[in-house]
Amino acid sequence: MILIRLIDGLNEIVGKAISFVAVIFACMIIYDVVMRYGFNAPTLWAFDLTKMLYGFYFVMLGGYALRHQSHVRVDLMIDNLRPQLRRVVDLLGYAIFFFPFAWVFVTKSWEFAMRSYAQNETTYGAIQMPVYPVKIAMAVAACLLLIQGISEVLKLVLNKPEQHYVR
């Protein structure tokens, strides 16, 4: 199904692109440590910026993690079930837990981001960096997670194993 391929492909691209952010904030931390302890010249921006980049990195990978079944789940109960019953339990889990949470996450993170943008919210550190880009990223990440959930439910409903859509 083309919708599944589009959603999975989007989260795959986003996940791989965002993974490079980890390299960036790791380099920034190393730079800050070298400057602080090697040259006794700490940076004013490194702590706040790496904290924001880590938050960006963490939330943006939610859809990618769901696509690869990397979220925490309790498989003790369903591992011994027949595949058909396991699909039903997974579908119920999405309907009862995932979609209500994802909807609240999308709506509240959007409100949170728009409030931050309207107030031109900044950090309280030595330098004042805008906070709203990370909060907008949280709303985008919530949408990516929600649509990935739709893809996973479609796979369950259509009884399509994951390997049919991996490219």
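Buried means under 20% relative accessible area, exposed means over 50%, and partly exposed lies in between (1.4 Å probe, protein chains only). By that scale asparagine 120 is partly exposed, because its relative accessible area is 48%. The structure here is a predicted model, where local features need pLDDT of at least 70, side-chain atom pairs count only at pLDDT 80 or more, and totals for chains, interfaces and linings use all residues. Residues are numbered from 1 along each chain as its sequence is written, and side-chain values use heavy atoms, with hydrogens and water left out.

**Confidence**

- The score to know is pLDDT, the predictor's confidence in each residue, from 0 to 100.
- The chain has an average pLDDT of 91, and 95% of the residues reach at least 70.
- Residues 163-167 have a pLDDT below 50. Beyond near neighbours in sequence, this stretch makes nine contacts in the model. Contact means heavy atoms within 4.5 Å.
- Where pLDDT is low, the predicted coordinates should not be read in detail.
- Helices (H or I, at least four residues) and strands (E, at least two) are DSSP runs, numbered from the N terminus. Helix H2 (residues 46-60) has the lowest confidence, with a mean of 91. Helix H5 (residues 132-158) has the highest, at 96.

**Nonpolar cores**

- A nonpolar core is a set of buried Ala, Val, Leu, Ile, Met, Phe, Trp, Tyr and Cys residues joined through side-chain atoms within 4.5 Å.
- Twelve residues form the largest nonpolar core, among them Val14, Phe25, Met28, Leu53, Met60 and Leu144.
- Helix H1 (2-38), H2 and H5 each supply at least two residues of this core. H1 gives the most, with six residues.
- Methionine 28 contacts Trp45, Ala46, Leu49, Thr50 and Leu53, leaving aside neighbours within four places in sequence.
- A second, separate core has ten residues, including Tyr94, Ala102, Val106 and Ala142.

**How the helices pack**

- Axes are lines fitted to C-alpha atoms, for helices over the stretch in contact. Angles run from 0 to 180 degrees between N-to-C directions.
- Angles under 35 degrees count as roughly parallel, over 145 as roughly antiparallel, 65 to 115 as roughly perpendicular and the rest as oblique.
- A crossing is left-handed if the near helix is turned anticlockwise from the far one by less than a right angle, and right-handed if clockwise.
- H1 and H2 pack at about 160°, with axes 9 Å apart. They are therefore roughly antiparallel to each other. Their crossing is left-handed.
- Where H1 meets H2, the H1 residues include Ile18, Phe25 and Asp32, and the H2 residues include Leu49, Tyr54 and Met60.
- Helix H4 (residues 83-118) packs against H5 at about 160°, with the axes 8 Å apart. That angle makes H4 roughly antiparallel to H5. H4 passes H5 in a left-handed crossing.
- H2 and H5 pack at about 10°, with axes 8 Å apart. That angle makes H2 roughly parallel to H5.
- In the H2 and H5 contact, H2 uses Met52, Phe56, Val59 and Met60. H5 uses Val134, Ala137, Met138, Val140, Ala141 and Leu144.

**Residues in the loops**

- Asparagine 40 sits in the loop between H1 and H2. Its phi is positive, about 50°, although it is not a glycine. Asparagine 40 counts as exposed, at 67% relative accessibility.
- Asparagine 120 lies in the loop between H4 and H5. Asparagine 120 has a positive phi of about 50° although it is not a glycine.
- Glutamine 128 is found in the loop between H4 and H5. At 60% relative accessibility, glutamine 128 counts as exposed.
- Glutamine 128 touches Thr122 and Thr123, not counting residues up to four places away in sequence.
- Glutamine 128 and aspartate 48 are 80 residues apart in sequence. In space they are 9.1 Å apart, C-alpha to C-alpha.

**Tyrosine 64**

- Tyrosine 64 is part of helix H3 (residues 62-67). With a relative accessible area of 24%, tyrosine 64 is partly exposed.
- Tyrosine 64 touches Asn11, Glu12, Gly15 and Lys16, not counting residues up to four places away in sequence.
- Tyrosine 64 and leucine 145 are 81 residues apart along the chain, and their C-alpha atoms are separated by 7.9 Å.
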